[in-house]
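Dear colleague,

I am passing a structure on to you, and below it I have written down what I found when I went through it. Please keep it open while you read.

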Amino acid sequence: NACAAVAGGWDGCPRLREASAKLAGFLDRWLLGQGEDTLGQVFTFLYGNLTCADTQVSGAAAASIRKLCHTCGGKLGEPVLALYEQLSTFPPGHLLPKDELKVVEGLAAVANQLPSEEARAGAQARLLAPIQAKFAAAAQVFEAARAQGPAALASAASDHRRTVLGAAESFQEVARCLTRAPEPLASNGQPGGQAAVRALQLIWTAHNACLQTYSSSADSVERLCRTYKLVIRAAGPSFTPLIPLMASHLIERFQARPQPAFLYTGSILVTEFGDRRWGGAHDLVLLEMVRTFSASVFQILTSIEAFTSQPEMVEEFFYLVGRLLEYCPAGLLADAALIGSIIQCGVIGLQIDHRDAHGGIVACFFSMVAAGSTAPRTADKGAAAVDPRALGPAVGSLLGLQGGNLGSLMVGALVKCLTSERPAYGLEKHKSNPAGVLWKIGRLEQPGGVPGGVPGGGALLQQLLTTALNGVDPSVLP
């Protein structure tokens with residue numbers, strides 16, 4: 001009331017308005033214990049400052065609105081969400097992007113504090129409705145241009161791409177806001193994350209259509225796939241029913257038009273759901289996904305020219321395989337034929353001069369060998385202990401298969417990386433260091449050697465190194 005009493009001169013006191021708006025945010029805990037009328041008056045006051053042309057004033061109001069929504073969202077209730085529609089009526093550029101996001105995050109907190117799952121789902125859909133409308137309008141314009149012929153389509157393509165990518169980025173921002181504010185437990189007892197899943201389901205059809213339209217653009221696909229990365233990470237347990245669907249979707253899109261972003265998204269799935277805290281519940285789905293991706297990649301990378309022209313695909317494929325070997329390696333290590341093909345593919349890939357491709361391949365080899373002396377990774381600090389050497393015999397056997405041919409191929413390629421005239425990439429890294437892979441082979445030592453007549457780690461490394469060094473050009477040695 002005291003602030004409002006500065007009649008007539010209020011617009012001429014921007015710093016007072018800014019300070020008053022900030023003060024309102026610091027009163028959030030006090031306002032939680034006040035009546036709804038008092039809270040409503042303060043919110044109205046902040047909205048008035050949000051409309052101020054001075055960005056410092058509107059920014060302070062946005063920050064306080066976010067704070068009040070987080071603290072008092074349950075009392076503010078659904079009527080406050082009307083502010084979201086009002087934001088679209090503001091002049092372009094009136095709010096700084098970061099301040100608009102603060103308001104959206106606050107309103108997302110209100111949506112997530114509504115008393116019932118039905119109300120929360122409706123409010124979350126309301127926040128996403130403008131984005132759905134953008135996707136739909138862009139698709140309508142694009143289809144109309146397509147009907148008019150190639151010239152009209154070419155003219156509309158640039159605007160359409162800009163619109164749909166902007167809509168995807170807006171979705172990612174709103175979804176991120178929805179997931180920052182925790183939801184209550186759902187009726188199935190799962191913690192928050194339902195908002196992210198519901199958000200993805202709302203735009204799934206439109207988003208998939210955009211992926212198909214711009215499947216030939218690596219940049220567009222990568223920006224669209226950020227949506228999947230965000231939702232997978234944010235949803236947590238709520239995403240588990242969708243794992244098979246997402247794996248199939250990524251494979252289908254990759255087979256239709258191979259893009260590295262689909263492999264990267266597959267890596268996110270492995271990282272989030274291959275972890276031991278899931279008790280191996282998703283290992284088979286993830287293994288089949290990697291098998292199918294591998295078959296497709298092997299059909300693409302059929303020559304050294306293919307490796308050279310697509311280093312990003314090489315990098316992401318081997319990082320994907322490496323992730324599986326880090327988190328749930330047993331199934332893949334049991335498939336000797338596939339492991340053999342992966343090693344042979346990697347050996348060819350190390351012949352190209354590309355730092356990132358080398359990084360992916362060597363990191364994969366590192367994870368493959370490390371699986372024999374290191375327990376699978378997990379984010380669960382309370383997970384039961386696992387014998388780190390349980391898979392040592394399996395790894396040693398694989399490297400010693402075919403008279404040691406697979407191990408010789410791998411070690412020979414790594415030694416060549418270290419002794420050739422080309423730069424030796426990854427020496428400053430941990431997993432991407434060729435010498436680190438050799439060290440890990442030496443760590444495969446098993447009492448009595450590896451079953452099947454294959455020597456233990458130290459002896460195996462000596463055997464493989466002897467063969468590899470015999471093939472080194474003496475001129476590179478001092």
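Is Leu81 buried or exposed? Before the answer, please bear in mind that this is a predicted model. Leu81 is buried, because its relative accessible area is 0%, and a residue counts as buried when that value is under 20%. Leu81 belongs to the loop that lies between α4 (55-76) and α5 (82-87). If we set aside its neighbours within four places in sequence, Leu81 is in contact with Leu107, Val110, Ala111, Ala123 and Arg126. With Leu107, the separation is 26 residues in sequence, while the two C-alpha atoms are 6.1 Å apart in space.

At its N-terminal end α4 is capped by Asp54, which has a side-chain oxygen 2.8 Å from the backbone nitrogen of Gln56. Further along, α4 has a kink of about 60 degrees, and this kink is centred on His70. The end C-alpha atoms of α4, a helix of 22 residues, are only 25 Å apart, whereas a straight helix would reach 32 Å at 1.5 Å a residue. Just after α4 comes Gly77, which takes a positive phi of about 75 degrees.

Not counting residues up to four places away in sequence, Ala371 touches several residues, among them Leu325, Pro329 and Leu333. Ala371 and Pro329 are 42 residues apart in sequence, yet their C-alpha atoms are 6.8 Å apart in space.

Note on methods
Residues numbered from 1 in each chain as written. Predicted model: local features only at pLDDT ≥ 70, side-chain atom pairs only at ≥ 80, totals over all residues. Heavy atoms only, no water. Helix = DSSP H or I, 4+ residues; strand = E, 2+ residues; numbered from the N terminus. Buried < 20%, exposed > 50% of the residue type's maximum accessible area, 1.4 Å probe, protein only. Contact = heavy atoms within 4.5 Å. Expected span 1.5 Å × (residues − 1). Bend = angle between axes of the 7 residues up to and from the residue. Polar contact = N/O pair within 3.5 Å; in protein donor to acceptor, adjacent residues only side chain to side chain.
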